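The sequence and the model are shown first.

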Amino acid sequence: MSGSEDPSIPRTDPDLIFADPCLAEIYDDLDGDRDDLDFYETIIAELGASSLLDIGCGTGALACRLAQRGFHVTGLDPAAASLDVARSKPGAQSVSWLLGSAQNAPRLGVDVVVMTGNVAQVFLSDDSWAAALTAANDALDVNGRLVFETRDPAFRGWEEWTRERSLTVKETRSGAVESWVELTSVDPSLVAFRWTFHFLDTAAVIESNSTLRFRTLDELDSSLSRAGFVIDEVRDAPDRPSREFIVIASPSQH
């Protein structure tokens with residue numbers, strides 16, 4: 001249970017933190033309480049939605065939660081290991097799980113498409129982001145909404161990504177795991193970082209390199225407009241106030 005990856009090689013497949021079975025198995029243990037999902041539930045209730053596509057659903061925290069409340073939910077993710085974890089959760093039997101990228105999202109005619117966590121920022125190029133937004137638009141009912149979050153680059157949150165500030169030790173189903181994150185590069189809107197996971201019981205170490213794209217509100221507005229969306233509202237993220245945008249957008253024909 002050890003491994004590493006070369007950060008100089010561009011990745012097209014999911015990061016190890018999601019794709020490695022050992023890391024996917026303990027992802028929820030390390031992620032802790034998902035208070036941020038309460039906010040998504042509030043928005044979905046406000047919109048009167050009954051069906052939803054969760055792009056980048058990961059280990060299915062939101063998808064299973066909503067399915068247990070009677071929503072018709074489809075969870076889409078490119079990491080098979082994360083979906084294996086998702087399928088084991090209460091409520092999972094009521095979710096339609098799909099392995100694939102955002103650009104291949106099916107045309108479902110759902111009320112809401114969501115991208116929680118860092119999902120909206122994993123699309124590093126303008127082309128990949130445009131393709132994801134177009135697929136999200138195609139997946140929505142004409143009266144549907146796209147809801148996603150993205151970190152505000154003005155806050156420069158990556159400056160906090162140091163070993164000293166992020167080091168934790170948590171008990172997981174695989175034993176005690178020490179983890180931390182370290183910034184590796186900023187150039188200029190692409191922020192690269194490395195998570196290190198040290199399994200204390202076995203001394204195994206797994207490193208997972210990731211890159212996120214930070215977009216300003218003006219950039220988001222322009223990209224959404226080109227993909228056929230209009231921004232209805234931008235909210236502050238209650239779990240990380242002044243650090244993130246919560247964007248609610250509708251198809252422009254609405």
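Which residues of helix H3 (residues 36-46) are buried? In this predicted model, the buried positions of H3 are Asp 36, Leu 37, Phe 39, Tyr 40, Glu 41, Ile 43 and Ile 44.

The helical partner is H4 (61-67), and the strands contacted are E1 (51-55), E4 (110-115), E5 (140-151), E10 (229-236) and E11 (244-251). After H3 comes Gly 48, which has a positive phi, near 65 degrees.

## Confidence of the model

The mean pLDDT of the chain is 93, and 95% of the residues reach at least 70. Residues 1-11 have a pLDDT that stays under 50. For this segment, the model has 21 contacts beyond four places in sequence.

## Strand E1 and its neighbours

Strand E1, one of the elements against which H3 packs, is mostly covered, with five of its five residues buried. Ser 51, Leu 53 and Ile 55 point one way from the strand, while Leu 52 and Asp 54 point the other way.

E1 runs parallel to strand E2 (residues 72-77), and five bridges join the two. Within this pairing, His 72 of E2 stands opposite Ser 51. Together with H4, strands E1 and E2 make a right-handed β-α-β unit. E1 is also parallel to E4, to which three bridges join it; here Asp 54 has Val 114 of E4 as its bridge partner.

## Leu 23 in helix H2

Leu 23 belongs to helix H2 (residues 21-31). Its relative accessibility is 2%, so Leu 23 counts as buried. Leaving aside residues up to four places away in sequence, Leu 23 touches Leu 16, Ile 17, Phe 197, Phe 199 and Ile 206. The C-alpha atoms of Leu 23 and Leu 76 are 19 Å apart in space, and the two residues are separated by 53 residues in sequence.

## Aromatic pairs

The geometry of a pair of aromatic rings is given by the distance of the centres and the angle of the planes. Seven aromatic pairs are found in a search of the whole structure. Why is the pair of Trp 129 and Phe 148 classed as edge-to-face? The ring centres are 5.6 Å apart and the planes lie at 80 degrees, and an angle over 60 counts as edge-to-face. Because Trp 129 lies in helix H6 (residues 126-139) and Phe 148 in strand E5, the pair ties together parts that are 19 residues apart in sequence. Trp 129 and Phe 148 are both buried.

Trp 161 and Phe 193 also form an edge-to-face pair, with 4.9 Å from centre to centre and 65 degrees between the planes. Trp 161 is in the loop between E5 and helix H7 (163-166), whereas Phe 193 is in strand E8 (residues 190-199); the pair thus links distant parts of the chain, 32 residues apart. Trp 161 is buried at a relative accessible area of 12%, and Phe 193 counts as buried at 7% relative accessibility.

## Ring cluster and a charge over a ring

Trp 161 and Phe 193 belong to a cluster in which ring pairs also link Trp 158 and Phe 214. A contact of another kind involves Arg 163, which lies over the face of Trp 180, 4.1 Å from the ring centre.

How values were computed:
Residues are numbered from 1 along each chain as its sequence is written. This is a predicted model: local features need pLDDT of at least 70, side-chain atom pairs count only at pLDDT 80 or more; totals for chains, interfaces and linings use all residues. Side-chain values use heavy atoms; hydrogens and water are left out. Buried means under 20% relative accessible area, exposed over 50%, partly exposed in between (1.4 Å probe, protein chains only). Helices (H or I, at least four residues) and strands (E, at least two) are DSSP runs, numbered from the N terminus. Contact means heavy atoms within 4.5 Å. pLDDT is the predictor's confidence in each residue, from 0 to 100. Rings of Phe, Tyr and Trp (its six-membered ring) pair if their centres lie within 6.5 Å; planes under 30 degrees apart count as stacked, over 60 as edge-to-face and the rest as tilted. A charge sits over a ring if NZ of Lys or CZ of Arg is within 6 Å of the ring centre and within 35 degrees of the ring normal. Two strands pair if DSSP finds at least two bridges between them. A crossover is right-handed if, with the strands pointing away from the viewer, the path from the first strand over the helix to the second runs clockwise.
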